[in-house]
Amino acid sequence: MAPTTDSAGNTEDAAAARASLETLRTEIAKAVVGQDPAVTGLVVALLCRGHVLLEGVPGVAKTLLVRALASALELDTKRVQFTPDLMPSDVTGSLVYDTRTAEFSFQPGPVFTNLLLADEINRTPPKTQSSLLEAMEERQVTVDGTPRPLPEPFLVAATQNPVEYEGTYPLPEAQLDRFLLKLTIPLPSREDEIDVLTRHASGFDPRDLRAAGVRPVAGPDDLEAARAAVAETTVSAEITAYVVDICRATRQSPSLTLGVSPRGTTALLAAARAWAWLTGRDYVTPDDVKALALPALRHRVQLRPEAEMEGVTADSVINSVLAQVPVPR
C-alpha cells in the first residue's frame, strides 16, 4: 500500500535530516581534527535528549568540539568554568531587585541555552554540581519556587580532567547516572597532530570558527525530524533481552561493587536506537548495542579497589561482559 501524504512527507523529512546530520562530521572537521567518535556521540545524545560527559586531558579540543557542534547546528551555546567558589545561582540564574520598579525580576543564568559546556565540572562543590541535576533531568530550573523551562533542544556537555584530582569533587554515582554517555577524548595520532600544527601555522584561530569555514548545516527542525524517526526505529524482543542481559551481567561481575542500573539499560537501548537510525537502518542490531555499550555504560559501574589496583578498568569489564553474553541471531 502506498504511503499517505503525511507519512511520505515524514519519510522525506527524516531522510533530509539524516543527510544533514551526516554532514556534521565534515563541517566540524574544519575546526577539530580526528574526533569523529566524539562528534557521533554528541549527535546521538542530542537525538536521545541526553547529556554527555567528556573526559580527556587538557588541550585535546573538548571546548572547541562543543563550540563547533553548536555552530554547525546553529544552536546557542554558553560555557561555565566550574570553580570551587561557583554558586548554584551562577548557573541557574537569580532574582535581581530593580530599584526603579521596586520589584524582583529573574535574571537567567547560562543554563538557559541549547548547548551548555560545563567545563571541569568536578572542580566545583556538590551543592553547585547538584544545581544541574534538575536542569538535566527535568529540563527546567526552579528559582524562588517558580519552575522555569529551558530551551529546546538542551544538552549539557560536562568536561573533566582524568589525570589531576587534587582539589576536585568527584561526581556522585547519582549524578553520573544522569549522563547518557561518557566519551573519552584521546590524544591525537602523530598524523592528526601534524595536521593541527599545519592549520595553526596557516592562520587557524580556534576562537573564530566562521573564519575556519564552519557553517550551519543542520538546525533544530532537523533534530526534531530525526528524533521522530528514531522513535519509529524497530527494536525486537531479542534485542531488548540482549540489552537487559548485558546490564544484568555487570551486576554479577566480581570486579565491580556497582553494576548498571535500570536507567543505564534504557540509556543503552536509546543510544543504540539512535545509532541504528544514523547508520541508515530502521531496526536495531546487536552490533548497534555493542557499538554504544562502552560510552553508555562505562560511567555507571564502580570498580572494586582490589580490581582497580590490578589494572582492571571499567572498559575492560564491559568488554568482558560483551564477550560472554550470548548474541541473539
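1. The second largest pocket has a volume of about 580 Å³, where a pocket is an open set of points on a 1 Å grid over the protein atoms alone at which a 1.4 Å probe fits, with protein on both sides within 12 Å along at least five of seven lines, and a volume is the space filled by probe spheres set on the points. This is a predicted model, in which local features need pLDDT of at least 70 and side-chain atom pairs count only at pLDDT 80 or more, while totals for linings use all residues. Residues are numbered from 1 along each chain as its sequence is written.

2. The lining of this pocket (residues with an atom within 4 Å of a point) is made up of 29 residues, with G59, V60, A61, K62 and L64 nearest the centre. Helix 4 (62–73), strand 8 (155–160) and helix 9 (190–201) each contribute at least two lining residues; helices (H or I, at least four residues) and strands (E, at least two) are DSSP runs numbered from the N terminus.

3. Helix 4 is largely enclosed by the rest of the structure, because 10 of its 12 residues are buried, that is, under 20% relative accessible area with a 1.4 Å probe and protein chains only. Among the buried residues are K62, L64 and L65. Helix 4 is followed by E74, which has a positive phi near 55°.

4. The count of disulfides (pairs of cysteine sulfur atoms within 2.5 Å) comes to zero. C48 is in no disulfide, and the nearest cysteine sulfur, that of C247, lies 14 Å away. C247 is buried, with a relative accessible area of 0%.

Definitions and conventions: Heavy atoms only, no water. Buried < 20%, exposed > 50% of the residue type's maximum accessible area, 1.4 Å probe, protein only.
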